[in-house]
Amino acid sequence: MKKWIQQYLLYLRAERNASPHTLRAYQHDLSEYLAFLQTKYPGLSLERNQRLVIRDYLSELYGRHQQRATVLRAMAVLRAFYKYLVREEVLAQTPFVALPLPKREKRLPRFLTEEDMRKLLEMPMRAKHPFSLRDTALLELLYSSGLRIQEACQLNVEDVDLLGGMVRVFGKGSRERLIPVGATAQRMLHAYIESRAAAIRRAAPLFLNRHGGRLSDRGVRNMVTKWVIETALHQSISPHAFRHSFATHMLTRGCDLRTVQELLGHRSLTTTQTYTHVTPDHLKKVYEQTHPRA
């Protein structure tokens with residue numbers, strides 16, 4: 001089993017273009033599963049009934065008082081791993097077929113109001129920080145185009161067409177898509193690129209760290225946390241909240257779900273439907289406009 005886990009992680013990195021964050025998460029969950037197997041099922045062969053093993057592991061996770069989201073993530077990783085074994089013809093069928101799993105808790109994605117987003121986007125330039133221009137350009141792009149953090153970090157200068165107002169992104173599974181960039185984000189990106197020394201103005205990475213290398217996803221998370229604190233928003237905001245806010249604000253203002261799906265790079269429309277919640281203010285406004293006794 002250990003050999004196949006190692007090959008699967010290599011497959012994720014080499015063929016699926018998985019992000020470092022995804023690889024760490026998969027490696028952690030698969031290592032936990034392997035430790036369980038080595039303790040409870042030493043010498044387990046793939047010919048044995050894997051479904052019973054997985055059900056036992058599911059009970060083990062709940063016995064550790066793991067949160068439902070943690071358990072579901074571990075099961076999702078195992079499901080993907082066993083699908084890989086079927087793909088490689090190691091197994092004839094995935095053991096997850098007809099295996100009952102706990103339901104996922106329905107939680108609305110955390111997002112910022114349009115006013116809070118405006119305050120956050122304006123804060124770096126007001127603070128006059130050494131990296132204010134870079135941070136503003138990055139924040140504006142995240143909100144303007146709904147990029148994943150890893151997608152933004154992987155951007156090169158040549159991926160941004162400032163004249164055409166588009167950015168070329170390589171998402172999950174190396175899927176390429178073109179996304180519009182808003183006027184404000186275009187201006188800030190142009191100013192940021194021009195502010196760099198001539199020698200690195202056209203260097204490959206779009207967003208640079210203080211050492212001149214490519215900005216990492218951890219660097220983006222630290223940067224967002226810093227400006228959230230500076231803005232005094234009094235809530236925990238991750239970089240992914242920019243993506244949530246992008247989708248929420250687009251839908252609230254009338255964008256159709258299929259277009260938002262394309263912009264976000266979701267394979268399934270079901271994933272995009274997570275964002276079909278409405279804000280209380282929008283709900284009240286629609287109610288007052290449509291209910292005959294409002």
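Student: Which is H249, buried or exposed?
Tutor: The relative accessible area of H249 comes to 8%. Buried means under 20%, exposed over 50% and partly exposed in between, using a 1.4 Å probe and protein chains only. With its 8%, H249 is therefore buried.

Student: Before we go on, what kind of model is this?
Tutor: Residues are numbered from 1 along each chain as its sequence is written, and side-chain values use heavy atoms, leaving out hydrogens and water. Local features need pLDDT of at least 70, side-chain atom pairs count only at pLDDT 80 or more, and totals for chains, interfaces and linings use all residues; the model is predicted.

Student: Back to H249: which residues is it in contact with, leaving aside neighbours within four places in sequence?
Tutor: H249 is in helix α11. Helices (H or I, at least four residues) and strands (E, at least two) are DSSP runs, numbered from the N terminus. Taking contact as heavy atoms within 4.5 Å, the partners of H249 are F111, L112, T113, E114 and Y143.

Student: On to the rings: is the pair of Y8 and Y26 stacked or tilted?
Tutor: There are 13 aromatic pairs in the structure. For Y8 and Y26 the ring centres are 6.3 Å apart and the planes make 40°. Phe, Tyr and Trp rings (the six-membered ring for Trp) pair if their centres lie within 6.5 Å, and planes under 30 degrees apart count as stacked, over 60 as edge-to-face and the rest as tilted. So the Y8 and Y26 pair is tilted.

Student: How many residues apart are Y8 and Y26?
Tutor: The pair joins distant parts of the chain, with Y8 in α1 (residues 2-14) and Y26 in α2 (residues 20-40).

Student: What about Y192 and F207, where does F207 sit?
Tutor: Y192 and F207 are stacked, at 5.9 Å centre to centre and 15° between the planes. Y192 belongs to α8 (residues 183-195), and both residues are buried.

Student: Which helices do the buried residues of α5 pack against?
Tutor: Helix α5 (residues 114-127) spans 21 Å between its first and last C-alpha. Its buried residues are D116, M117, L120, L121, M123 and P124. They pack against α6 (132-145), α10 and α11 (240-252).

Student: Last one: which residues touch the most other members of the largest nonpolar core?
Tutor: A nonpolar core is a set of buried Ala, Val, Leu, Ile, Met, Phe, Trp, Tyr and Cys residues joined through side-chain atoms within 4.5 Å. The largest one has 48 residues, and those that touch the most other members are L138, L147, L189, L206, F207, V220 and F242.

Definitions and conventions
The expected span of a helix is 1.5 Å times one less than its number of residues.
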